[in-house]
Amino acid sequence: MPFELDTSAWSGEGTFTQLLIDRLREVSAIRFVRVEDAPATRSEADYNFISNEIFVAFGTIERRERAIRFGFLPSTRVVTEKSMTISSLEAALTATAEIGAPDYGDEGMLQYLRAERIVPPYQTRGYKIVELVRIYEVGTPRRQ
């Protein structure tokens with residue numbers, strides 16, 4: 001199955017988010033990525049806070065497994081497993097020098113926080129861009 005990307009709910013802001021999307025394209029176990037603007041995005045005079053959410057769906061692997069039915073009938077069944085998990089995705093992203101380890105990670109989410117100061121030419125005072133990116137697996141239960 002080819003890689004699918006849905007950016008219809010994303011404004012396109014966030015250079016680190018784009019870097020993550022480019023890296024996720026290279027991971028063969030990922031089948032679908034959806035990027036959305038999170039509701040926490042805001043902008044003030046001296047800083048921009050960008051919050052994006054990335055939802056990933058992993059591919060599946062089917063394997064045949066022997067089984068016994070009714071205690072004596074031999075049979076085979078097809079078992080479907082995900083080809084990757086959030087923790088293995090964390091290891092793959094950590095191995096990339098431009099991305100590195102997440103600031104927070106658990107079995108359902110990875111969170112990256114990046115800050116960058118930008119001083120445009122001919123201005124005495126710059127502004128700060130703070131970018132928060134959360135990566136979730138599609139189909140995981142909603143957090144309370």
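Here are some numbered notes on this predicted model, going from its helices and core to its aromatic pairs and one hairpin.

1. **Ground rules.** Residue numbers start from 1 along each chain as its sequence is written. Because the model is predicted, local features need pLDDT of at least 70 and side-chain atom pairs count only at pLDDT 80 or more, while totals for chains, interfaces and linings use all residues; side-chain values use heavy atoms, with hydrogens and water left out. Helices (H or I, at least four residues) and strands (E, at least two) are DSSP runs, numbered from the N terminus.

2. **Helix α1, sides.** Its buried residues are F16, T17, L20, I21, R23 and L24. They take up an arc of only 165 degrees around the axis, so they are on the same side of α1. Buried means under 20% relative accessible area, exposed over 50%, and partly exposed in between (1.4 Å probe, protein chains only). The arc is taken over the directions from the helix axis to the C-beta atoms. On the face turned away from that buried side, α1 carries the exposed residues T15 and E26. The cover over the buried residues of α1 includes β1 (4-9), β2, β4, α2, β8 and β9.

3. **Helix α2.** In this helix (residues 86-94), I86, L89, A92 and L93 are the buried residues. Their arc around the axis is only 115 degrees, which puts them on the same side of α2. They pack against α1 (15-26), β2 (30-37), β4 (47-58), β8 (109-118) and β9 (127-137).

4. **The core.** The largest nonpolar core has 23 residues, and L20, I54, L89, L93 and I135 touch the most other members. At least two residues of this core come from each of α1, β2, β4, α2, β8 and β9. A nonpolar core is a set of buried Ala, Val, Leu, Ile, Met, Phe, Trp, Tyr and Cys residues joined through side-chain atoms within 4.5 Å. Take L89: leaving aside neighbours within four places in sequence, L89 is in contact (heavy atoms within 4.5 Å) with L24, I30, V56, F58, M84, L110 and I135. As background, nonpolar side chains in soluble globular proteins tend to be buried together.

5. **Aromatic pairs.** There are two of them in the structure. F16 and Y112 have ring centres 5.5 Å apart and planes at 55 degrees, so that pair is tilted. The pair links distant parts of the chain, with F16 in helix α1 and Y112 in strand β8, 96 residues apart. Both partners are buried: F16 has a relative accessible area of 7%, and Y112 has 0%. The other pair, F55 and Y136, is stacked, at 5.5 Å centre to centre with 20 degrees between the planes. F55 lies in strand β4 and Y136 in strand β9, so this pair ties together parts 81 residues apart in sequence. Y136 is buried too, with a relative accessible area of 14%. For the cut-offs, rings of Phe, Tyr and Trp (its six-membered ring) pair if their centres lie within 6.5 Å; planes under 30 degrees apart count as stacked, over 60 as edge-to-face and the rest as tilted.

6. **D37.** This residue belongs to strand β2 and is partly exposed, with a relative accessible area of 30%. The C-alpha atoms of D37 and W10 are separated by 5.1 Å, though the two are 27 residues apart along the chain. Not counting residues up to four places away in sequence, D37 touches A9, W10, S11, S51 and N52.

7. Strands β5 (residues 60-69) and β6 (residues 73-82) run antiparallel and are joined by 10 bridges; two strands pair if DSSP finds at least two bridges between them. Among the bridge partners in β6, P74 goes with I68 and L73 with R69. β5 is hardly covered, with one buried residue among its 10.

8. **One phi to look at.** Which residue in the loop between β5 and β6 deserves a look? F70 lies there, and its phi is near 55 degrees, a positive value in a residue other than glycine. Most residues other than glycine have a negative phi. The hairpin has three residues between the strands, and F70 is exposed, with a relative accessible area of 71%.
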